[in-house]
Every structure is written in structure tokens, then in C-alpha cells.
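Hi there,

Here is the structure I promised to pass along. Please have a look at it first, and then read on for what turned up.

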Amino acid sequence: MSTAYVPPQPHRTNAPAPPPPEPPPVPPHASEATRLLCAGTYQDSEYRDRVIEELHLDEQRVVAPSSGFDAARFLAHALRARRQELLWSTAVIGLWAVGVPLSGGICTFAAYGADADGRDDERELLRTALGHFCPPDAPCGTDTQ
């Protein structure tokens, strides 16, 4: 039997394995903490308003140095989230302001009352709303049971 085809085996030593190399430090603007804090400003408006108040509006307060996250980027995202919410609100109000005159002033609101008084008031509201939206010659399903 020949040993020409047997690969060389590593020699075992009793020395411990070297520790894995330390990962390089993450810059504050790329840290996981910064990413999560910035995302939170888009999710929770009370949190966003508190961040803006603490970091931007309170002129008597000196902001402590941030450790592990980028406070400037965090504040920028909070201000951007507030600006986006304001633009969306303005767009919705603008659509209502344009849509109401174009639709002839027809607005439909759904009313829900207590079930103890029956459903007749809700059915009457539905018949009235459907009557406004039906074309004059078309049959509409205003007969709700």
C-alpha cells in the first residue's frame, strides 16, 4: 500500500485558536442605531415631535454629544418626516377642496349608531346617499333590506 495519494494531515497542537479579528468600528452615520432612530421618526409622530423639540427647538438646552449614532442625521430625518406629513395633509385637503365643487357638493358620510335602536336610521342614510349618486335613468340599489 502506497502513501503517495494520502493528503498531508495537519499537525495538532495544544495551543488555542487565535481569536477572530475585531470588526472595524462602524461610523455613526452608518450604525444600526442611527438607522432605527431615523426610521422611528417616520413611524411615530409623537416621537418625531419630541425629537424635534429636544434637539432643535429648545434653545436653552445644549445637546449632549451622541455616542454611537449620528444626531444630525437623526434630526434631519425627523424634520423631513414632519415636512412629508404636512405635504400629505395639504394634498388631501386640496383634493377635498377641488373634489367637493367638482362633484356638485355631494359628500357622503357613513354613520354608525348603536344596534339597540335598530338599523333603520343607517338604512335611510344609505338610501339618501345612493339616491344622490345614481344617474336619473339608471336603476340603483336603493332598496336595501
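**Salt bridges and helix faces**

Arg 48, Asp 49 and Glu 85 are joined to one another in a network of salt bridges. Before I go further, please keep in mind that this is a predicted model.

Are the two partners buried or exposed? Arg 48 is buried, at a relative accessible area of 4%, whereas Glu 85 is partly exposed, at 40%.

How many salt bridges does a search of the whole structure find? The count is six.

- Arg 61 forms a salt bridge with Glu 54, and their closest N and O atoms are 3.5 Å apart. Arg 61 is partly exposed, with a relative accessible area of 38%, and Glu 54 is also partly exposed, with 25%.
- Asp 70 and Arg 73 meet through their side chains in a salt bridge of 3.6 Å, N to O. Asp 70 is partly exposed at 22% relative accessible area, and Arg 73 counts as partly exposed at 37%.

**The overall picture**

Stepping back, the protein has four helices and zero strands, so the pattern read along the sequence is α-α-α-α. Of its 145 residues, 12% are buried. The protein exposes about 12400 Å², with carbon and sulfur atoms supplying 61% of that area. Among contacts with a separation of 6 or more, 53% come from residues 24 or more positions apart.

**Helix H2**

Back to the helix that holds Arg 48. Which residues of H2 are buried? They are Arg 48, Val 51 and Ile 52. These residues cover an arc of only 100° around the axis, which puts them on the same side of H2. On the other side of H2, Glu 46, Arg 50 and Leu 57 are exposed. The cover over the buried residues of H2 includes H1 and H3.

The start of H2 has a detail of its own: a side-chain oxygen of Asp 44 comes to within 3.3 Å of the backbone nitrogen of Glu 46.

**Helix H1**

H1 has twelve residues, and from its first C-alpha to its last it reaches 17 Å, close to the 16 Å expected at 1.5 Å a residue. The buried residues of H1 are Thr 34, Cys 38, Gly 40 and Thr 41. Viewed down the axis of H1, these residues fall within an arc of 155°, so they line one face of the helix. H2 and H3 are among the elements that cover them.

Two of these residues are worth a click in your viewer.

Thr 34 lies in helix H1, which spans residues 32–43. Why does Thr 34 count as buried? Its relative accessibility is 2%, and Thr 34 counts as buried because the cut-off is under 20%. The side chain of Thr 34 reaches the backbone nitrogen of Asp 70 at 3.0 Å. Leaving aside residues up to four places away in sequence, Thr 34 touches Pro 28, His 29, Gly 68, Phe 69, Asp 70 and Arg 73. That list takes in both partners of a salt bridge described above, Asp 70 and Arg 73.

Cys 38 is also placed in helix H1, and it counts as buried at 7% relative accessibility. With residues up to four places away in sequence not counted, Cys 38 touches Arg 73, Phe 74 and His 77. Where does Arg 73 stand relative to Cys 38? The two are 35 residues apart in sequence and 7.7 Å apart in space, C-alpha to C-alpha.

Terms used. Residues numbered from 1 in each chain as written. Predicted model: local features only at pLDDT ≥ 70, side-chain atom pairs only at ≥ 80, totals over all residues. Heavy atoms only, no water. Helix = DSSP H or I, 4+ residues; strand = E, 2+ residues; numbered from the N terminus. Buried < 20%, exposed > 50% of the residue type's maximum accessible area, 1.4 Å probe, protein only. Polar contact = N/O pair within 3.5 Å; in protein donor to acceptor, adjacent residues only side chain to side chain. Contact = heavy atoms within 4.5 Å. Areas by Shrake-Rupley, 256 points an atom, 1.4 Å probe, with all protein chains shown as cover. Salt bridge = Lys/Arg side-chain N within 4 Å of Asp/Glu carboxyl O. Arc of directions from axis to C-beta. Expected span 1.5 Å × (residues − 1).
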